[in-house]
Amino acid sequence: MSDSGNPEVHAEPTTFLRKWIFSVDHKIIGIQYYFLALIAVFIGLGLSVLMRLRLAWPNESWPLLEKIFPIGFDGGPMTPEFYLALMTMHGTIMVFFVLTTAPQGGFGNYFLPIQIGAHDMAFPVLNMLSFWVTFVSLGVMVAAFFVVGGAPISGWTAYAPLSALGEVAGPGLGAGQNLWIISIALFCLASLLGALNFITTVLNMRAKGMTLMKMPLTVWTWFTTAILALLSFPVLLAGGILLLLDRLGGTSFFIPGGLVVSDTIIEHSGGSPILWQHLFWFFGHPEVYIAILPGMGVASQLLSTFARKPIFGYRAMVVAIFAIGLLGFFVWGHHMFISGLSPLSALIFSVITLTIGVPSAIKTFNWLGTLWGGKIRFTTAMLYAIGFVSLFVSGGITGLFLGQTSIDVQLHDTYFPVAHFHMIMGVAALFGIFGGTYYWFPKMFGRMLNEWWGKFHFWITFIGVNAIFIPMHLMGIMGGLRRYAQSTEFKFLEPLQPYQEFVSIAAFITAAAQVIFLVNLFWSMFKGKKTSENPWESTTLEWTIPSPPPHDNFAGKIPVVHHGPYEYGVPGSPRDFVMQTDPPIDKNK
Amino acid sequence: MAISFAVTIWLIVLATIYLFSGQMGWFPPQVSEHGGAIDDQFFYTLIVVGVAFTLAQVVLGYYVWRYRSSAHKEVTYTHGNTKLEVIATVVTAVVFVTLAIMGQKVWAQLHLQGIPEGAVKVEVTAQQFAWNIRYPGADGRFGRTIPQLINDQLNPVGVDPKDPASEDDIVTLNRMAIPVNRDVQITLRSKDVTHSFFVPALRFKQDTTPGMAISSHFKALKIGEYEIACAELCGIQHYKMRGFLMVKSSEDFEGWLKEMSEY
């Protein structure tokens, strides 16, 4: 190991404000991102519980809720506009502030520098800035609930011209929609800064011996995710600015001529609603992988660690991560098959979409290969990793239906895609976050999470999410349409109602169980069992340093790497694992 | 722990297979010429997906149980098996791409083949939250429309009375009649925001995108009344934007048109 301290390390801050609030330490920033996502996920969860209430019992009055949300109830059942506002905000908050923020901003920030043997991110101040912009962005988003007209009702996809025309098209489409766009624009900016930082750090700041092919798969997924973010968020940012200009500046990027809304002639001409969809989905599809790739990294790390076996097909995993990232940029059109897109280009998008299933299948194959012949330790983290694989299979495989042009004609905008993407980019990604939390919490806080309560939380959540989302596929097959405030106004939707009730009850139980996680988290932070440097007997660099790590991570001693990231069960080794920094094995002995 | 986890995964598989067996509900009845092929393609895909899903989950459960640390002490130290991975990749790629290509047939039939000769012409103009249906009348031509003339009560699609072709145009609200066993050419427009014209029984769904006139065609094979639903979020009453498709015998259809033109 090199003994020279790193002159670039910034001094340890001494004031509370510099240490905990405006910190430039990637670890503090990581924790800040994690807690921002935690607040967001409970807001998002609360919104979904309210939505499920209306879907299951659309005509019921809720006097208590009416007192809390007077705007959402009109002296009786929940209003449809409030339902649509809940839906829009649920989707937006979950996708941006949870699924993009927790795995990348939270765990990525905290562990990427440590796992490659760096003392911090390449641009610490930029890192701080990207967190605080994200923070403001969340504030602006939530503020949309409290302005005149309430939150927007145009969905997280904000399809123009519904999102472009203003209040004439519906409540929440005035000030609320403006705030939504401003918040998203800020978020894009923050993600862009974060992505630059991640990419530079991986390329420039790896410790001696940490070659690309010795990087943990988590680092590979954070790196690839950052590239996706770098290339996709600017497109959404541009789209957002154009949409805001259409609304406030009198331009017509997305508004065609000749529109008449409730007998009011719209004075715009020349724009195209399809253009918004292209810009949105050019971002939106890579975004799906931004949400799920880090989860794949965490699952790989945990499966190998707790099966006490090297990851099966490391090189294939790296190639698959990159293939998913690359192909992810060429499939956005599958969201637009029935939009009026050229039917010919739909054919191309469809074939590429099904091709992207191939690297996903390789990953599943390799995860099973990692378990095969292993010695599985059932820690809570491992339960989540195995749960991740199960959900990844269930959620990913239904993409084979939706990616086909002809089947999409029937299933588009039904509950089938809702079930599909919740299963994969929603709960599978969340299982990655839960797994990461149980695995890394001891490193972050020096204490263990309670394993018994962790497992209890796992069982309810795993069974719960399956009970919610598998029947939801059937609701889609039966014709159930998404974004309907209730499914009682059509004859063909009548058979859906028992399913709506079942799914709502399953959702309430699952949502309630999340309180267990919250309590466990905070209780363990202060009262949990104290832990050592390497409680899981893991091999990667974060487990070579104290828990929690010192300010500059390696206390001036930048490590030298000799081994791959997943050397478990090595024959002839004194322990059943070889850490990345262990001295090289002398082959002549 | 291991055995209960394995059993849970297997039970989820069983429950899923039961749900997808059609016992608990399935697609709405199918009455269009092209719809059967969509249902068939769904079925073929279901077989492939079902086999892959079951295989992956059953093996996952089995490994979880078989390789638990209490029962399996000797780790098989391996970094992978290139041959196996290449085989798995090629097989998956072939199956997936085959599915993608098979799935294109109906699509091409709907969107790439020209509109059949002699098709009945119907135009749909969607608005918040209703379907305006227009027929060209005896001359077979739709009259010009002008947005400035639009009036929800009197002239919902803004037909220009000065255009001779518009004289015999017939406009109805939320009710669309078509003759059975005849090709229908449908042109989809929107007055305000994006809607989506969805007839579950026809296996037909197409967005009505503002600024565009999207043409497609279908043929209904069974007389009856079916619901038209909006499938693209269009505002607060999206969930009750309901219309009716009435598939009639040729004579009934002509009679209906006549009645509507007099109305």
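**Figure 1. Helix 10 of chain A against helix 4 of chain B.** In this predicted model, helix 10 of chain A and helix 4 of chain B are roughly antiparallel to each other (angles over 145 degrees count as roughly antiparallel, under 35 as roughly parallel, 65 to 115 as roughly perpendicular and the rest as oblique). The axes of helix 10 (residues 343–355) of chain A and helix 4 (residues 104–111) of chain B come within 10 Å and cross at roughly 170 degrees; axes are lines fitted to C-alpha atoms, for helices over the stretch in contact, with angles from 0 to 180 degrees between N-to-C directions. Helices (H or I, at least four residues) and strands (E, at least two) are DSSP runs, numbered from the N terminus. From chain A, Pro343(A), Ala346(A), Leu347(A) and Ser350(A) meet Gln104(B), Trp107(B) and His111(B) (contact: C-beta atoms, placed from the backbone, within 7 Å). Since the model is predicted, local features need pLDDT of at least 70 and side-chain atom pairs count only at pLDDT 80 or more, while totals for chains, interfaces and linings use all residues. Residues are numbered from 1 along each chain as its sequence is written, with chains lettered from A and ligands numbered from 1 in the order in which they are written.

Figure 2. Chain B puts 88 residues into the contact and chain A puts in 96. On the side of chain B that touches chain A, the elements giving two or more residues are helix 1 (2–19), helix 2 (35–66), helix 3 (82–102), helix 4, strand 7 and strand 9. Helix 2 of chain B gives the most, with 14 residues. By class, this side has 47 nonpolar, 28 polar and 13 charged residues.

**Figure 3. The open sheet of chain B.** Here 5 strands line up in the order 4-10-9-6-7, with mixed pairing (two strands pair if DSSP finds at least two bridges between them). Strand 4 (175–179) and strand 7 (204–208) sit at the edges, each pairing on one side only. On average, neighbouring strands are turned by 25 degrees against each other, direction ignored. Strand 4 pairs with strand 10 (residues 242–248) in the parallel sense over 5 bridges, and Arg175(B) stands opposite Phe244(B). Helix 5 (residues 250–262) of chain B packs on the sheet, touching strand 4 and strand 10, and its direction makes about 140 degrees with that of strand 4.

**Figure 4. A closer look at strand 6 of chain B.** How many of the 5 residues of strand 6 (residues 195–199) of chain B are buried? It's 5 of the 5, so strand 6 is largely enclosed by the rest of the structure (buried: 20 or more other C-beta atoms within 10 Å of its own; exposed: 12 or fewer; partly exposed: in between; C-beta atoms are placed from the backbone). His195(B), Phe197(B) and Val199(B) point one way, while Ser196(B) and Phe198(B) point the other way. Strand 6 runs antiparallel to strand 7, joined by 5 bridges, and His195(B) has Thr208(B) as its bridge partner there. In the hairpin of these two strands, which has 4 residues between them, Arg203(B) takes a positive phi near 55 degrees. Strand 6 also runs antiparallel to strand 9 (residues 224–230), with 2 bridges; in strand 9, Cys230(B) is the bridge partner of Phe197(B).

Conventions
Contact = placed C-beta atoms within 7 Å. Nonpolar A, V, L, I, M, F, W, Y, C, P; charged D, E, K, R; others polar.
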